[in-house]
Structures are given as structure tokens and as C-alpha cells.
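Dear colleague,

Please find below the structure that I am handing over to you.

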Amino acid sequence: MAVCEKWRRKSHEAHPNLHVSVCLPSAMTDLNRLASLMRNDWNRRISHDARFWMSDGYVSEDAMWSTGARDLALLLDGISLPSSSACLLEVGCGIGRLLRAALGRFDRVIGIDVSDRAIEEARALYAQIPESQGHLEFKVGNGIDLREIESGSVDVVVSFAALTSMPADVVANYLREFHRVTRAGGRVRLQMYLGREHRVCEDDTLHIRCYAEDRFVEAARLAGFDLDWIRPLTLPLQVSIEEQGVRAVIVSLHRTERQPLSQGEVSRALLPTGEMRPTEISETEGFYEPGLEHWVSLNYAKELAERGDTTRARETLAYAAQCARTAAIDVSDILQSIQSLIERKEKGSNREVVTSLAPAVGSWREANQRALAVRSERTQLFLTPGSGSAEVRMTGDGPVVWLQGQCLDHAEKPVAAARSWAQRILSEGRIKECRHIVVYGFGAGYHVEALLSMSDKRISVIEPSPAVFDAAIAGRDLTRTFQKLYGLSVGFPEGDPRFDFLDQESELVIRPQSQTVSGDFCTRVKALSFGARGLTALHPSIAVLGPFMGGTLPIAGYCARALFGLDQRLRSWDVSGFASSLGQFEKFVFEPMRRDTLRGAYIEMVSQVLLEAATEKPVDILICMAQAPVSGRVLTELRKRGVVTVLWFMEDYLRFTYWREMAQYYDFVFTIQRGECVDRIRAAGAGAVHYLPMACDPGIHRPVTMSEEERRRWGSPVSFVGAGYHNRQQTFAGLADLPFKIWGTEWPTCRPFDRLVQEEGRRLTPEEYIKIFNATEVNLNLHSSSERDGVDPSGDFVNPRTFELAACGAFQLCDHRSHLSELFEAGSEIVTFASPREMKDQIAYYLAHPEERARITQRGRERALREHTYQHRIAEMLRIIYSVKFDHLKRRAESSPWKRMIDRAKPHPELHQRCLTAFRRGEEPNLDGLVSDIVTGKGKLSETEQKLLFLHHIRSQMVRMRSEELGMKK
Amino acid sequence: MKRRYPDKRNILLVNITRLGDMLQATPTIAGMKMENPDAKVTVLVEKQFEDVCFSIPTVDEVVSLDLGMTVRSIAREGEGLIDAYQYVDEVVSDLRGRSFDYCLNMSSSAYTALLLKLIGIGRNGGWTADEEGYRVIESEWARLFASSVFHQNRQYNSLNLVDVFRCSADVEQHPHALQLKVTEEARRYAQELLAEARWTNNGPLIAVQAGASQGKRQWSPALFARMVRTLVQKHNARVVMVGTQKERAIIDPIVSEVASPNVLSVAGRTTIAQLSAVVEASKVLITGDTGTMHISVAVGVPVVAMFLASAYGFETGPYSAGNLVLQPIIACGPCNPNKPCARPDCHDTLDPEVLGELAMMRAQGDVVQIPPGLVDPRRAVLYRTDFDEFGFYTMRALNSDAGDGLRRYRDAYRKMWLEDLGGYQMASVQPNATTRSLALLNEGISGLEESVRLAQQGRLLIGELIKLIKDITAPGSALGAVNQQLGEIDRKIEQVGFHYPVLGPVTRMFCFSKENIQGSEALALASQMGAIYDDLQRRCLKLGAHYAAIA
């Protein structure tokens, strides 16, 4: 029985709350119950992966033997054996990792472990090792004492990474037992954690225990031992957690003739307050259930996936879900990355995930359906046929539901596990404060029943899978559950999910098992729940970073305006001023690769400027537009600081491929293309990838009135605004006979373009092209293609011009795009063409039918304003970000000095309001900002204003005096 | 003497940031007590000077303000700002609770003005702020202070700031010296320190304060070393170097350079009280314009002081009779205190050996004359400090001040202000005959005539304005036109002050008076403005008359 140190350390790094542990006094512990727990838990782990849960040498059998020999040598350092017939006992031997190395040194070697599975595997393993025959014995222990070992028969007792995870009461009893089983002068060598007392729930058989050194020595003394020495344990991996005062050590004890005191006395000496009992866990006391095993398993699954062992990865994923206790840890990121890793690895092999699913048949379906039929309010059932099938398996408690190889309840004891889960959920602070719990994932309903029985709060359920629900209602009597439930939604609604019972008072609890099998839908539900709340409850500082130049530059401004409109805290990082220097390279360096190198160096420099800006005034979210000049190094540094990095990749992913290198640096990437684009960018390492089409800014893109002169300059029966890509040149050359104006760059100067292209093909400002849109009768909107003639038959995304034209109330003919139909209704809100011929016909038709044009543009404008503004897009983007990062951003906000400052300002209402106002507009409310608000104001000064000015002048005076002292007055 | 608020019961004196300023306030405090024996005087002071205030004989209570902590809190940002704000809240609340009936703010800083606005004391002798945060200076003496310390005007002022403070508080009776108690404990400590020396000389004990408050006022250690060497080698003197720990960077090299058992450094080893006792034990202090200089004067030990760079003896010289002040003669001096100087040539105008000589002379007794040629009047003027017949500090040249081209202006201003603001009778002033005076002005101070003419024009326009205000049928445009003309006149008056630097003090006073017009009723405002034009005209005429009389 050993715990992998590597994961313990990793889990501490990865999970900031794992170390929190405040205990309440424990009542008398039932050792039998603990022993039983240990056995069950370790049997489960051994069944999953015996080597992994034991040591850092888990990648192969050789590695296991090697690390076993290394660790045994550390334990036995300096021991001279009394005789050639010496006996070694290892307590918590697992599958015998250490004992092979002991065979040559001890005549008799005994391994004992509470896990019968471990001992079974150990015996099988050593059956193939001849030298163990006659010298090695394995014994299944009872987890309480060492009654299987004769008194006075052992010379050396060792234990490595075993006592460290045992409940303290068990450790105390073992110490006494060591005295009994050792001979006079016998030695005990133990690997322990000493330092800052670090206690966990007594039921936890995985988490390490760290004891105060003096208490451990005293407990050993009371158990009949004296201390030889305590030495730090140093391994190739980090085993001590210095920042938490946890030191991994080897302890050497020698047996005295003193008789051990009782288990209670030794136990009290070891840990006077005792370990915490499950019923004593209190969120308000700061206890946090870490879900360590779940977390460690997920990380192991990821590692396996990375190694390409996708079968084991999937098994481990299932194992992780099985031992998940709570959704308090948001695992969506890691889950998504593991799943995408597995998919990538399996892609070549076309591996099908085969699940053995049997149709669920039961006698409860009709009764349950009757109970459901009675429910009318807050119930939505989307029982789509063909949505997969689930399997029902029987346990001692009743049926449980499996989906895609994943048990959605506890696979063996669903009732007890559900009660334990419900208890934990209800002890969480956020749940205590809420009025309505919405559970994501129904499974067979055990946990929902437990919640309903233990809480008076409103309980609702969202079950994503109709198949799971069907299996559940077939297999169990859920009539009373349905009566008590407040809200219920089953299946995937069409389009965006909407839940009328999900309100501001709701707290969403996600069952990781269900999250595992329906990740995308879960993300959308979370977006609804946390996203909507995030928009009003969170006030992160959001920076928008545009490119140096180009068509995306104004879009950064539109996004900034949208954020402002959404009452978010905005910091606009406008780097367009750096563009002029970039142009200078071309005067000096002509070779493209050299230019690229220079450009990279320049971007690195600009990135450093941004990093300094973020150091001076930290941001919480960085939204980069496509081509934003920020390097991977700086994005990595920002992420290390907890900044959420976002890229809105508003480019054709096939044409612009820099996402391959850059995707990995972003937590979120939003694309204007669906399907493969999303998958490939995700596979390139982006945290999460979502589709987010372009939009318009009604403040900029709007109908404008113009003078006759302006209309003459900007207007035309037919116009096009945009760059001269191949397909446009090829198509528009055929329109030379029309009254047609072309505006934009990169057009040829030959015929017929020399006549069509306006104002020497210069770049236009948004204000100018909006005038063109407005002054033109038929605007052409042909999406660009460098490869194809005319209309790209596989064109998917919709360009910004489409939305901008619509918002301007300008008539447009747009080429057919596959994503267009969900954005505008063709024929009614927009007119599309599939070929240049059709375009030309439509030009003629619509030039002749101005009333029809007017009707279409009116509807198009209404649709654009209703659904396609940047405010809509940014709100959606933030909902998605907040759905995943709600807790992260909330924690960040709560730990921010500004938040604390604003809270502390509350006793001074005007000061508080001023700080809040400054904070909400994106500033840190420091003295300069607050004073700036005052000095730009007018009229009498309030008392608060006078006090702030007073502070401002004090500081100035002190600075001046300091300068005077130095004779350096500015 | 003209006085606004002669009666005071519960006085707050705000003098926060400098040791020297605090000591310079002591004649005013003592004077207030002399004139109002039952009054209580509370001093608001920066925390580090709190102890000094306990040594001022006439202070009843001290309230300290921890500016260092406040600025550190602000620098922490976040919660630090709230800490600072709460601290201010508490200070204001505490001071409000003390119900002061009079406040003399001796600081011209914006923050003390705001603080006094927050406290809301009814009668003020110095700076405060109005409801919109703009400065208010009720007392004309305080306005004179503000005008005089305005850099371009400094050289035309010969009134010591101690007296200007005092008059701001309407205090006439006062001791002719700064005030500071030396405790027996401090004296004992000083004796112990001095006993550490292994003197071989037996001449007078001369204290030397070598450190200065500003870099450009810092006489070089090499020059100090020459002076100290002269004292110990030529004059058999014993020298004690005083100063702070920070000043040891200046003092230690001097001590090493001289390397004499007759030089003892106690720098960094004394509190202010103990420093006072060390200085008290000395015969003379040689110093720049420093806080130690004021301490010395306050404990009755004469000083030989050099006023280098921006330091100006008339303004902040040692406030007692019989001190010796060396003021370099240099075109750029006294320079702007807010500007650094890369080449302080004024330092070279003073001869270290002469300084030593002067100190020895003063150690032997009051110096009313010096041997001819001892101090070259082309390089520096040596003054002896004194008091005039009205009890105002003055300095009289012991060599020749012929090289001081501004003396006549300064004297004329002195007489004009004492007469105009203080109500003192000046024998030399001619009857107030405008025509004659103007004729005189033309021969004397350039620009005076223009100022007087502008003031008269202003006065006439105010008359028109008052008529228009009273005439309810007058069109608004007429009022606007007159206002516009007045604005133009005021602008020209201010320009005259810049164009003719000698008129800077009167035009600056005009500007300050305008700033301090109170109320919002049109007639009252016009009436106040009329009086300000009258003040300007009267002051210009008096200035011209005094200038002529001096000639």
C-alpha cells in the first residue's frame, strides 16, 4: 500500500486548494471501519493500476524494481544485521516493490498489506522469481494490527510511503505493534512526513498525513521506541513541499524495553486533536474536499494519452469518473484536453469506441412516465430518437446506468456513494448560500434522491442524454423524485439550450461522470449558468489587443466599444502606433526571410511592452484579435500570472495558418468557421475552441445622410469595397459594362480596372466605406478567394462586410456561404448568388426593383441589429469564458487588492462609490485616478473630495521635500 | 499696529513639515500668549518634530500628523489608500472636536489649506481653502508672505518671515529671539559627549553645522576643513561638529582631513534636544541657513551664518540680535530654491579663514564693526542682525553694502509695507499729493506710473460697474463690456509686474487680493474689487515716495 509521490506533488501544484486542511476534533475512531475502508480503496486502486498507485517507477516492471531497490537502500542505510537469519518486515508492501531487493540481504522477508488484491498480485509476481522461494512470505493484514506476525520475530520493520496515507489512529496502533513483533534491539525504519501538522479526514486513504516532529517522536517513545535519527528523504522527484512545511523524511527508531502504552495514548500523543470525521467536515471552517484520487487519475489519463496508450487512458478516465465525488473542481479543461488527445492519437487507427449497451427494460417506465406527465411546469423533455443507448447493470443497491463505458452512478454502492456525495455538496459554501441547486447529470437518480432527502432547497436536474433518462425510468421507481423535483430537462434542445428554471438563485452542480460523456453540452449549460452571472457578477479587467494595421484593426475598436456597452472593465491596447516602424524595415532589408526575422523580433519587443503594461496595471482577460502582435513567450507569462488568454481568429484557417504555432498559447480561441477548423485548432493545443461569427457595430455601421456632392463622390448604382483578390478580379472584369465602382487596394491598374477602381485604389477608412455602402444601390459582396474563380463553392464563413452592409441598411448581393443561412434568411434578409452569371442577373433585377431592395435591406438591418452586433458576440464570448473560468476569475477578483480596497471603503459611502466607479471603468482605483476625477469636476468639493485632495497634496509635498533634500527639484 | 483678530482663546497653529519653521514660529506663539495670557495654544506638527514642540515654552498641546506613514500607505495603493483616508478622517474628526476659535496656518502648502477647510475654523491668519478647493488667504500679511516668497520678489523683501508670520497672527508684543528649552537631561548628555574629546586647546568651543538642507547650499567639505583647521590651529579653538547621521557623509571627511584632537564629531549621536544642549554649550555656531542655526538662536548662542545659493538672510536669517550673516554678492543670488545648480559659484565668495576669524571675534563678544578689508564687500556683505524701532528684525551691513544694488528698493518696500499693512508711522513719507508723487516716481521706479494709471482706470470702471449693477434697466451686455475691460486692466497690471520686476511684490499682492474676494453678491464683489485698485494705487504711491525719500 503506497502512494505515488509524484502525483501527490503534482496535485499540489495543480490544485491550489489541495493543501487546505483544518480539522475538528475527532471522536473515538472505529478502527475496523477504517481498515475496511483501506482495503476497499486499495483493492480498487490495485485493480486499476497496481504500479501507478504505488511508486514513481510505474512505467515498467523494470522501473518498479529499480525504484524499489533505491527506496529500500535508503531505508536500510547503516543497518548492520544481527545474524544471517535476520528477518525483515515491510508494512504496506503493496505488490512487493521493495522486497525483491531485500531477498539477498535477509534470510526471511515478510510483506504485509491490507489489500488482498495487492497480495494476490504480489504472489503471482514473485511466483516467477525463484530466489524468493522459501524466503519470502506475503500476508493479508487486517489493517489494524500485525496479529499475523509472531512476537519478537522481526529484526527490522520498514515501511515506505504507506504509513503516510494511513489514518493516524491506525499508525498509532501499528507503532505499538512494531514493538511487539521486533526482537530486542530491533530497528524500525519508516518513511514519514514531518513538519507542519497536516491532517485530513480519517476516511481519506490517499492523502498524506504530516505530523509535528516532536509529537511523532513522543508517540514513538510511548510505543516503546527511541529515536536514532531523522533524515531528509531525497528522491529524483520532489517529495517535500517546503512551502507548506511538509518534509519527507526517513525516521530510524530502535526498540527499548519500555512497554508501549495503549493505542489511545499513543494516538493522542501523535495527533492530540485527532483526525477529522466525515460528518465534521465544514466548509465554513475552511475544509476543502480535494477529490485527490479523481484529480490524480485524470492527470494519469492525460499522461497515458500523451504516451499513446489510449486504451489505458480511456480506462483511467472511466476510473477517474468512478472516484469523482464532487464537481467542485472544474475538470472541464483537462477532460477536454484528454479527450482531444485521445482522439488525435486514435485518428490514424480509426479505432471505434465500442460500448456494450443493452436495451434497458423495466417495469417502472409506465409509472414514472405517469409521474412525469403530471409535471407540466419547468419540465422539458427532448427525447430525440436515436440519441444513443445506455446500459443498465445491477448492483446490490439496485440498477445503475452506464453510458459509453462510463458508470454514471457508483458502480457498486450507488446509495451510499450518493449520500456521501450529497453530504459533501451541501457542505460547500456556495451551495449553502443558494436557494436552488441544479444538478447536471441524472444517471439512475440516486444522488438526486439523496439531495432531495437531505435538503429543503429547490432541486432541479438537467440530464443531457435521453437514453440515460430512459434507462433510469425503466429501471427504478422515480415517481416520488419527479414529484419533488423543481425543474427537469432531459435531452438536447434544438439550438441554444434554455432552461426556464435556471435563475440567478441557482447554483449548478456538475456530475463529472455526466460531464465526461457530454462535455460540449455541459459547456453550454455552464455558459448559461455561470456566463450570465459572470456578466453581472464578475468585473475582470479585459484588455483588447488589435493588430498593427489592416482590416481587423477597426474591429478591435468595435469589440472595445462592445465591452464598454456591456459594462465590462476595459483596457484598450492600441498598438497601431507601432505600425509605422514596421514599415521602415522594408527600406533597409529586402530579403523576405530576414524581414520575417526582424518582424518576429519587433513583435517580441512590442509583446514585452504589453507585458510591462500588464505588470503596471494587471489585466484578467486578454482578448487578441487576429494578427495581434503578441509572442508565445509573453502569452505564456501572462497565463502564468492567471490571465485568461483569448484569440478571436477571424481569418480563414486554411489560408492563414499561424494558429498552428499560436493556438497552444490561448485558453480560448474563437473562430469564424465551424467543423474541421474548430477541431484542428483544438488539436493544435488551444484550451477551448468555439465558433463565433463576425458582426457589426450599429454605432458605426448605420444609415448616413449625405449631401449631393458626397453622393456623387461615393455613390454608384453598383459598387464593391474590398481588396483585389483573384476571384474578384476574375468576376468583376465582366461587369465593366455596368455603372460600377470598385474601392480598395490591390487591384490591377490595367483595363478594365483602370476605369473601375476609384481614387487610385487607396485604403479607405470605415467612415468612408460606410458612405459608399449607403450611397450605392447594389453593393456586391463577393468573399475573397486566391485559388478559385468566381464564387468559392466550399466557402463557409461570413465576412464582416456582410453584417456591416446589413447594419447600414444597404442592399447587398452576397455570394453563397455555407454559414450564411443561420445568420440571415436568404431571399428575405439578404440576396445571394452562386455564380457570376447569377450575380449579374440579380444586379439587373434589383437595380430595376428599388422597393424590393428596400424591403430586403430593412429586414436585413433588423436582423443584424437584433442578433449580429459585436455586443452580442462579445457577450457570447464572455459567457463561454465565464462558464469555464467563473471560479478562477472570481477567486482572482476576491484576492485582488482592489477588491479588498473597495470592500474596506464601504464605511465611507462616497469614497466607496468613487472607487467602484473607477474600478468598473477598468482602472485600479488609486489616488491619482480618484483625484483626476475630482479635478475634472466642477463646483463645491465634498468632504470626501477634500480628503482625497489632501492626501494627494501630502504626497506631492513629501516628494517635493525629498527632491529638495537632494537638490534635484524637478 | 493694525490688527484683525487681537483676541484669541483656543488657538491652532499649523506648522507641519520643517524644524526651522517650527522654531521660527516661537516668537509668534510667545507673542500670542503675551497678548492673550489665558489662551491655549495647540500646535499641529509632523510626527518627527513632535518632540521639539514639547521643548517650546509656550506650547500647551501638540497634535502630531504622521505624514510619513500616510505617504507610505498611499504608496501601497489598494488598502493602503483606505488606511490613509481613514487616518485623515480620524485626524479631521479629532481636530474638529477641539473647537478652535483661531488658526494660524504658517505653511503655504495646499494640503494644510485643505485640512483647515475640513476642520472649519472660523478665523484664520494664514492659508485655507474655499469650497471649491481654491486657496484663501485672509490676512494681508500672509498674502505679503506669499508675495515675498514668490521667487522673483524675494530680493525686494527685507522683512524676516518670523515677523511676517507674527503679523499674520496680529501679534505685536513678542520676544526678540526664537524660543527653545534645554532640559537638564540633555545638558548632562551633551557634557558627557563633549567629555569624550581629548582637547589640547583651551580656547572657546565652536560648534560647526556642516550639513545643509539642499545640495546646492552645501559648502564643500574641503572649505569647511580649511575653516576648522584655522580655528584649531590658529585660534586655539575647540570644535564640535554637529549634525545628523545622514550628514556624516559630509562631516566625517572634514574630521579626517583636519585630524586634530581638538575636533570632535557628535554627528548622528544627538536628538534635537541633545543637539540643542551641545550648541548651548558652545560659544558660537558656524552654519548655513539650517535648522541648527535656528536652534542656536533659540538657546541664545550667536551664529556666524553663511547664506548660500537660495538662502536669503533677510528672509530667514537668525532671529535675534548680534548674529553675523554672510550674504554672497552674486548676480544669480539668492537663486530659485526649486532649481538645482551645477556650478554654485557663490560658495567661492566666502573665505574659510575669514569665517573662522569672524567666529572667533563673535566668541569674544558682540561684533559691531570689523577691521577694514576683512570681508571684501565686492564678494560678500557681512551683516549684523538687529531689530528696528518697531521690533522687526533687520540686518545692518558691517562692511559695505554698496555692491547690493537692491538695498534701496528693499528699504522702500519695508517702509511701505510697515506703514500700509502694519499702520506704523514712517517719518520720511511725503504728504499724499498725487501729482507730486507721480513726478517723483518718474524719476525713480520704472513702471510705477503705469501701475498707478491702471489702478485708477480700474477704480473708475468699478464706479461704472456699480452704477450698472444698481440700474435694473441696464442691458446685460453693458455689464459684460465693463467686465471685459476690467479683465484687460487686471491682465495689464499683472504684466507690469513681470515687465518691471521691482513692481512684482505690489502686483503680486494685487493678484492675491483678487483671488481672495469673498461672496457672490455683485455689489459686494465690485466694492471689494474697487478697494483692491485703491490698495494698489496707494501702495505704488507710497513705494515711490519712500524710494525717493531714501535717495
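The side chains of Glu138(B) and Arg4(B) form a salt bridge, with N and O 2.8 Å apart; the term denotes a side-chain nitrogen of Lys or Arg within 4 Å of a carboxyl oxygen of Asp or Glu. Glu138(B) sits in the loop between β6 (135-137) and α7 (140-149) of chain B, and Arg4(B) in the segment before β1 (10-14) of chain B, so this pair ties together parts that are 134 residues apart in sequence. Helices (H or I, at least four residues) and strands (E, at least two) are DSSP runs, numbered from the N terminus. Glu138(B) is partly exposed, at a relative accessible area of 26%, and Arg4(B) is likewise partly exposed, at 32%. Here buried means under 20% relative accessible area, exposed means over 50%, and partly exposed lies in between (1.4 Å probe, protein chains only).

Please note that this is a predicted model, in which local features need pLDDT of at least 70 and side-chain atom pairs count only at pLDDT 80 or more, while totals for chains, interfaces and linings use all residues. Residues are numbered from 1 along each chain as its sequence is written, chains are lettered from A and ligands numbered from 1 in the order in which they are written, and side-chain values use heavy atoms, with hydrogens and water left out.

Over all chains, the structure holds 93 salt bridges. One of them crosses between chains: Glu943(A), in helix α37 (residues 943-966) of chain A, pairs with Arg96(B), in helix α5 (residues 79-96) of chain B. The closest N and O atoms of Glu943(A) and Arg96(B) are 3.1 Å apart. Glu943(A) is partly exposed, with a relative accessible area of 34%, and Arg96(B) is partly exposed at 35%.

Within chain A, Arg393(A) forms a salt bridge with Glu391(A), their closest N and O atoms being 3.1 Å apart. Arg393(A) is partly exposed, at 34% relative accessible area, whereas Glu391(A) is buried, at 11%.

Finally, I would draw your attention to a helix in chain B. Helix α13 (residues 291-298) of chain B is mostly covered, as 7 of its 8 residues are buried. The buried residues of α13(B) are Thr292(B), Met293(B), His294(B), Ile295(B), Ser296(B), Val297(B) and Ala298(B). After α13(B) comes Gly300(B), which has a positive phi, near 85°.

With kind regards
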